[in-house]
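Biologist: Hi, can you walk me through this one? I'm new to reading structures.
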Amino acid sequence: MSEENKPEEHEAGKPESEPQESVVEDNSGAGDTSGNGKAGMSYPQYLAALYKRPDELLDGTMRGLRLFGLINMSALLVLIALSSFVQRIAMTTTSGVRFSWLLNGIKFGLSFAIPIAIVLFALQWYAKRQEREYSLDFFIEKFGTAMALPAVLVAIAIPLNLLGVTMHSWFRGAGLFFIYIGVFLMSYLFVAPQRLKVAVVFTLAFYFAYRLIWLLM
């Protein structure tokens, strides 16, 4: 009887150990970082989930959505550059498009792209100092998720600007403002929880880095 019961006890105990291991892996911030393989969702499904359950996608669990985060950030930077280019077109009364306007738009996009890259590495470095084992992919995923809203706001501002609707500056300004909100959330939620001063320092550092890079360009 004892020999027959041993396999049953082993099989009964096996399902209890597997969920515990998966929970530990998810909460460590070092889970599957190969795009969207672990999440098992398409980009439209990801956007729908972000609209319905933003708190779930912005929690401390790594969901393997780094690729989608990169898409959001890339789209935002392209839209920022395009908005600057469109702004030049809307402001001028002469016909034709100048190459300098396009170059100025690219510089404006880079003035945000470089500080974003710096702050992502800085967040990962500071989190490691605080013994919070969040990977760089984790911050790319979470910050990229937070950048979905700024991208939408800047995208709305572009056609409004072309149509001469004055409210375009409201949407564009709100979009740029929410980039700073994203930096604040990353530091306040994950790097130094409940430490307001650290979050403010990260946000101000991002702002001054953006302004300095823009001036140097």
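This is a predicted model: local features need pLDDT of at least 70, side-chain atom pairs count only at pLDDT 80 or more; totals for chains, interfaces and linings use all residues.

Biologist: OK. How many helices and strands does the chain have?
Modeller: Nine helices and zero strands. From the N terminus on, the order is simply α-α-α-α-α-α-α-α-α.

Biologist: And what share of the residues is buried?
Modeller: The chain has 217 residues, and 37% of them count as buried. Its accessible surface is about 12500 Å², with 64% of that belonging to carbon and sulfur atoms.

Biologist: Switching topic: what volume does the largest pocket have?
Modeller: About 200 Å³. Its lining is made up of 13 residues, and Leu 58, Thr 145, Ala 146, Leu 149 and Pro 150 lie nearest the centre.

Biologist: Which helices supply at least two residues each to that lining?
Modeller: That would be α6 (136–146), α7 (148–162) and α8 (168–191).

Biologist: What classes of residue line the pocket?
Modeller: There are 11 nonpolar and two polar residues in the lining, and no charged ones.

Biologist: Now Ser 84. Where is it, and is it buried or exposed?
Modeller: Ser 84 sits in helix α4, which covers residues 66–91. Ser 84 counts as buried because its relative accessibility is 7%, and the cut-off for buried is under 20%.

Biologist: What does Ser 84 touch, leaving aside neighbours within four places in sequence?
Modeller: Ser 84 is in contact with Asn 104, Gly 105, Phe 108 and Arg 172.

Notes
Residues are numbered from 1 along each chain as its sequence is written. Side-chain values use heavy atoms; hydrogens and water are left out. Helices (H or I, at least four residues) and strands (E, at least two) are DSSP runs, numbered from the N terminus. Buried means under 20% relative accessible area, exposed over 50%, partly exposed in between (1.4 Å probe, protein chains only). Contact means heavy atoms within 4.5 Å. Accessible areas come from the Shrake-Rupley method with a 1.4 Å probe; for residues, only the protein chains shown count as cover. On a 1 Å grid over the protein atoms alone, a cavity is a set of points where a 1.4 Å probe fits but cannot get out, and a pocket is an open set with protein on both sides within 12 Å along at least five of seven lines; lining residues have an atom within 4 Å of a point. Grid points are joined across faces, edges and corners, and a volume is the space filled by probe spheres set on the points. Ala, Val, Leu, Ile, Met, Phe, Trp, Tyr, Cys and Pro count as nonpolar, Asp, Glu, Lys and Arg as charged, and the others, Gly among them, as polar.
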